[in-house]
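Here is a short tour of one chain, written for reading alongside the model. Please keep the sequence and the 3D view open as you go.

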Amino acid sequence: VRTVIWVVALEALALLAFGGWLLLRRVSETPSNEQVFEGSAFYLLLCGLLVGIIALGLRSRRGWAYGAAVVIQLIGLGIAYEMVKAGFWAGVAAVVVAAAAVLAGLFSMPARAAFGRDPS
């Protein structure tokens with residue numbers, strides 16, 4: 001379960017870092033569509049914050065965080081599919097490895113038991 005928490009926390013950190021990087025880039029250059037650029041940066045920051053809250057929920061063994069983490073990873077796999085179509089293989093590798101690690105960890109018997117999802 002600790003590995004799952006760390007990977008989800010790293011995903012949150014990556015989203016926050018990318019959103020922050022976009023905002024810093026905005027200071028140094030003028031994009032063709034400022035509103036879309038700034039909206040994307042704030043969206044990434046908001047997503048990073050929400051994923052961070054999910055990581056904290058997983059750490060506290062909250063049932064809602066289990067389901068939310070599964071959904072986030074499935075969304076990540078969909079994003080990876082779009083990255084494949086765009087040819088961004090480095091991103092695909094990172095997203096698929098992270099999503100697979102989290103999903104495997106969450107569906108393991110110890111994690112299911114820790115979150116009260118043990119079928120027995």
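**How the helices pack**

Helix α2 and helix α3 pack with their axes 8 Å apart, at an angle of about 135 degrees. That makes α2 oblique to α3, where angles under 35 degrees count as roughly parallel, over 145 as roughly antiparallel, 65 to 115 as roughly perpendicular and the rest as oblique. This is a predicted model, in which local features need pLDDT of at least 70, side-chain atom pairs count only at pLDDT 80 or more, and totals for chains, interfaces and linings use all residues. Residues are numbered from 1 along each chain as its sequence is written, and side-chain values use heavy atoms, leaving out hydrogens and water.

**The chain as a whole**

- The chain has 5 helices and 0 strands, these being DSSP runs numbered from the N terminus (helices are H or I with at least four residues, strands are E with at least two).
- Along the sequence the pattern reads α-α-α-α-α.
- Along the principal axes, the C-alpha atoms of the chain fill a box of roughly 60 × 30 × 20 Å.
- Of the 120 residues in the chain, 31% are buried (buried means under 20% relative accessible area, exposed over 50%, partly exposed in between, with a 1.4 Å probe and protein chains only).
- Among contacts (heavy atoms within 4.5 Å) between residues at least 6 apart in sequence, 60% join residues at least 24 apart.

- Helix α2 covers residues 34-59, and its 26 residues should span 38 Å at 1.5 Å a residue; the end C-alpha atoms are 38 Å apart, which agrees. The expected span is 1.5 Å times one less than the number of residues.
- The buried residues of α2 are F37, A41, L44, C47, G48, V51, I54, A55, G57 and L58.
- The cover over those buried residues includes α1 (2-28), α3 and α4.
- After α2 comes R61, which has a positive phi, near 60 degrees.

**α1 against α2**

- The axes of α1 and α2 come within 8 Å and cross at roughly 160 degrees (axes are lines fitted to C-alpha atoms, for helices over the stretch in contact, and angles run from 0 to 180 degrees between N-to-C directions).
- That makes α1 roughly antiparallel to α2.
- The residues of this contact divide into 21 nonpolar, 5 polar and 6 charged. Here Ala, Val, Leu, Ile, Met, Phe, Trp, Tyr, Cys and Pro count as nonpolar, Asp, Glu, Lys and Arg as charged, and the others, Gly among them, as polar.

**α3 against α4**

- The axes of α3 (residues 63-86) and α4 (residues 89-106) come within 9 Å, crossing at roughly 155 degrees.
- α3 and α4 are therefore roughly antiparallel to each other.
- On the α3 side, the contact is made by Y66, A69, V70, Q73, L74, G76, L77, A80, M83 and V84.
- On the α4 side, W89, G91, V92, V95, V96, A98, A99, V102, L103 and L106 take part.
- By class, the contact of α3 with α4 has 17 nonpolar, 3 polar and no charged residues.

**A closer look at Q73**

- Q73 lies in helix α3.
- Is Q73 buried or exposed? Q73 counts as buried, because its relative accessibility is 2%.
- Leaving aside residues up to four places away in sequence, Q73 touches V8, E11, A98, A99, V102 and L103.
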